Amino acid sequence: MIDVAWDNFTPWSALAGGIIIGLSAAAFILLNGKIAGISGILGGLLAPQKQDVLWRVAFLAGMFAAPLIWMALADLPPIEIKAGYPALIVAGLLVGIGTRYGSGCTSGHGVCGLSRLSARSLFATLTFMAAGFITVYIIRHLIAGA
């Protein structure tokens with residue numbers, strides 16, 4: 001049985017967030033000709049090209065500054081992680097490896113690639129969603145239930 005925390009069910013704020021992400025990704029590609037995929041933006045700093053560093057640093061700085069600005073205006077929502085450091089480290093490494101093999105991350109494929117009707121992004125998105133569903137099922141129902 002699925003237990004839904006209805007007091008935390010916020011479809012309007014989720015819809016607003018999705019619209020903002022979509023509009024920002026569209027504006028980014030229209031104004032800069034670049035895809036707003038985080039792994040590609042970060043990866044581009046590992047082998048930087050001339051005239052290509054400033055916008056990448058500004059994009060990433062904005063990602064880190066946003067929660068700091070939020071904290072100045074309001075309390076951050078509580079963060080609850082039900083995993084230990086070893087699991088988080090393994091998960092992070094697997095995600096990093098997956099983004100390299102998949103030539104992009106969830107934001108690059110799922111938001112930007114799908115909106116451009118990319119078949120490669122559709123396959124990548126279906127693959128990482130299926131892997132996530134299977135992983136949660138195994139961990140929560142097979143391993144935890146054993």
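The questions below ask how the labels on this predicted model were reached.

Residues are numbered from 1 along each chain as its sequence is written, and side-chain values use heavy atoms, without hydrogens or water. Because the model is predicted, local features need pLDDT of at least 70 and side-chain atom pairs pLDDT 80 or more, while totals for chains, interfaces and linings use all residues.

Q: What makes the pattern of the protein α-α-α-α-α-α?
A: The protein has six helices and zero strands. Helices are DSSP runs of H or I with at least four residues, strands are runs of E with at least two, and numbering starts from the N terminus. Read along the sequence, that gives α-α-α-α-α-α.

Q: Why is Leu-54 called exposed?
A: Its relative accessibility is 71%. Exposed means over 50%, buried means under 20%, and partly exposed is in between (1.4 Å probe, protein chains only). Leu-54 therefore counts as exposed. Leu-54 lies in helix 3, residues 54-73. Its C-alpha atom is 31 Å from that of Ile-79, 25 residues apart along the chain.

Q: Why is Ala-124 called buried?
A: Ala-124 has a relative accessible area of 14%, so it counts as buried. The residue lies in helix 6, residues 119-143.

Q: How many of the 146 residues count as buried, in percent?
A: The share is 14%.

Q: What makes Asp-52 and Arg-56 a salt bridge?
A: A salt bridge is a side-chain nitrogen of Lys or Arg within 4 Å of a carboxyl oxygen of Asp or Glu. The N to O distance for Asp-52 and Arg-56 is 2.8 Å, so the pair meets the rule. Side chains of opposite charge can pair when their charged atoms come close.

Q: How do you know whether Asp-52 and Arg-56 are buried or exposed?
A: Asp-52 has a relative accessible area of 10%, so it is buried. Arg-56 is at 11%, and therefore counts as buried too.

Q: Which side chain meets Lys-82 in a salt bridge?
A: Glu-80 does, at 3.6 Å from N to O. That value is within the limit, so the pair counts. Lys-82 and Glu-80 are both exposed. By this rule the count comes to two salt bridges.

Q: Why do Ile-79, Tyr-85 and Tyr-101 belong to a nonpolar patch?
A: A patch takes residues with over 30% relative accessible area and no salt bridge; nonpolar side chains (Val, Leu, Ile, Met, Phe, Trp, Tyr) are joined within 5 Å, like charges within 9 Å. Tyr-101 has 73%, so it clears that cut-off, and it is exposed. Tyr-101 sits in helix 4, residues 85-101. Other members include Ile-81, Leu-88, Ile-89 and Val-90. Together the patch has about 1200 Å² of accessible area, by the Shrake-Rupley method with a 1.4 Å probe, where for residues only the protein chains shown count as cover.

Q: What makes the phi of Gln-51 worth a note?
A: Most residues other than glycine have a negative phi. Phi of Gln-51 is near 65 degrees, a positive value in a residue other than glycine. Gln-51 is in the loop between helix 2 (38-46) and helix 3. Its relative accessible area is 82%, so it is exposed.

Q: Where is Ser-103 found, and why is it called partly exposed?
A: Ser-103 is found in the loop between helix 4 and helix 5 (106-115). At 46% relative accessibility, it therefore counts as partly exposed. Ser-103 also has a positive phi, about 55 degrees, although it is not a glycine.
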